[in-house]
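The sequence and structure come first.

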Amino acid sequence: MQNQASITALMSAFCRAFHAENEPRPVFCDTTAKQLLTPEEYANLSAYVLSGIDFFAPEKKGAFANDTEALRYLINTQLAPTPLCRAAFAENALKTAAKTGASQYVILGAGLDSFSLRESEFLQTHEVFEVDHPATQADKISRLTRAFEQNGATIPRSLHFAPVDFGKDDLAEALLKSGFNASRKTFFSWLGVTYYLPREAIESTLSTISRLCAHGSAIVFDAADENYFSAKEKRVQNTIALAKAGGEEMKTAFSYAEAEKLLEKHGFLIYEFLTPNDIQRQIINTRGANMQAFEHTNFYLAVKQ
């Protein structure tokens, strides 16, 4: 693997940055995501998204007053609904967990997540662990270092990095080596990952987390439902095709009953479950955003018993 962020991570950071800058009522206001991208990357990603109008919405070609309006349409309707909504859901759940005793936050598959740049106050009282592939993480550390330096600061000592190649490394060992305390209540976020893993890898990760974390710890993740791969909605089909074309093929979807059974097997009970209708009502509409929740995509919050 090259020492660089994946296209998925870059696109997610770009969408968060653009949305925060160009929406009067953002679903998730990440004003620091842009700091993790170079100006050249931001410009190239803008052009890349604009070039996708023939793929996503050929009927809309030429219908926008300028590139910004075209980008707003493509990001708000095609690319960003799930990344933005799941970030809002996860960080709201995190803050609730912190109030009830969680003192560690683990970001699995951190990518270009900008939490450490946005939440300096949180890092003063909590330990944060980013888990990712060694090469991807090396690139992330370089980007974070640059961003903190631009702000006249350095990477906080409470931010820890656990490099893990899931094909051969042990997640528990990597976390413990980076300073993770298994006796402390912890909040885990696992966003935008389950789609791309085989079921065995999902179960293995849940098993490891269960053995590692204290009672009362929680995990939040998003997942495709059982009808995802046969869905008729165009933007679902587009997402599946785009992932495959980008070399990050989507592999797994499961029903609520399947998720419940899997989580219970490893000592977790579902505490909160959001369908697209719930996401629309509880996250998008409450913020007054002009966006539609993505079909066949659900959010889960589960607690270790």
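## Nonpolar cores

A nonpolar core is a set of buried Ala, Val, Leu, Ile, Met, Phe, Trp, Tyr and Cys residues joined through side-chain atoms within 4.5 Å. The model examined here is predicted. Its largest nonpolar core has 60 residues, and Phe 14, Phe 187 and Ile 283 have the most contacts inside it. Helix H5 gives the most to this core, with nine residues. Apart from it lies another core, of 28 residues, which includes Val 106, Phe 180, Ile 202 and Ile 209. In soluble globular proteins, nonpolar side chains tend to be buried together.

What does Phe 14 contact, leaving aside its neighbours within four places in sequence? The residues in contact with Phe 14 are then Leu 37, Tyr 42, Leu 45, Ser 46, Val 49 and Ile 75.

## Helix H11

Helix H11 consists of twelve residues, 234–245. At 1.5 Å a residue, H11 should span 16 Å, and its end C-alpha atoms are 16 Å apart, which agrees. Buried positions in H11 are Arg 235, Val 236, Asn 238 and Ala 243. An α-helix has 3.6 residues a turn, so residues three or four places apart point the same way.

The cover over the buried residues of H11 includes helix H3 (53–56), helix H4 (67–79) and helix H5 (81–99). On the face of H11 turned away from its buried side are the exposed residues Lys 244 and Ala 245. Gly 247 follows H11 and has a positive phi, near 80°.

His 19 is found in helix H1, which comprises residues 7–22. Is His 19 buried or exposed? With a relative accessible area of 1%, His 19 is buried, the cut-off being under 20%. Not counting residues up to four places away in sequence, His 19 touches Pro 26, Val 27, Phe 28, Asn 76, Leu 84 and Met 291.

Ser 210 lies in helix H10, residues 199–212. The relative accessible area of Ser 210 is 12%, so this residue is buried. Its contacts, leaving aside neighbours within four places in sequence, are with His 266, Phe 268 and Lys 304.

## Cysteines

A disulfide is counted where two cysteine sulfur atoms are within 2.5 Å. By this rule the count comes to zero disulfides. Cys 85 is in no disulfide, and the nearest cysteine sulfur, that of Cys 15, is 13 Å away.

Cys 85 counts as buried because its relative accessibility is 1%. Cys 213, at 7% relative accessibility, also counts as buried.

## The chain as a whole

The protein chain has 13 helices and seven strands. Along its principal axes, the C-alpha trace spans about 60 × 50 × 40 Å. For 305 residues, a compact globule would have a radius of gyration near 19 Å; the protein chain has 19 Å, which agrees.

What percentage of the 305 residues in the protein chain do buried residues make up? Buried residues make up 53%. Among contacts in the protein chain with a separation of 6 or more, 75% are between residues 24 or more positions apart.

Definitions and conventions: Residues are numbered from 1 along each chain as its sequence is written. This is a predicted model: local features need pLDDT of at least 70, side-chain atom pairs count only at pLDDT 80 or more; totals for chains, interfaces and linings use all residues. Side-chain values use heavy atoms; hydrogens and water are left out. Helices (H or I, at least four residues) and strands (E, at least two) are DSSP runs, numbered from the N terminus. The expected span of a helix is 1.5 Å times one less than its number of residues. Buried means under 20% relative accessible area, exposed over 50%, partly exposed in between (1.4 Å probe, protein chains only). Contact means heavy atoms within 4.5 Å. The radius of gyration is taken over C-alpha atoms; the globule rule is 2.2 Å times the number of residues to the power 0.38.
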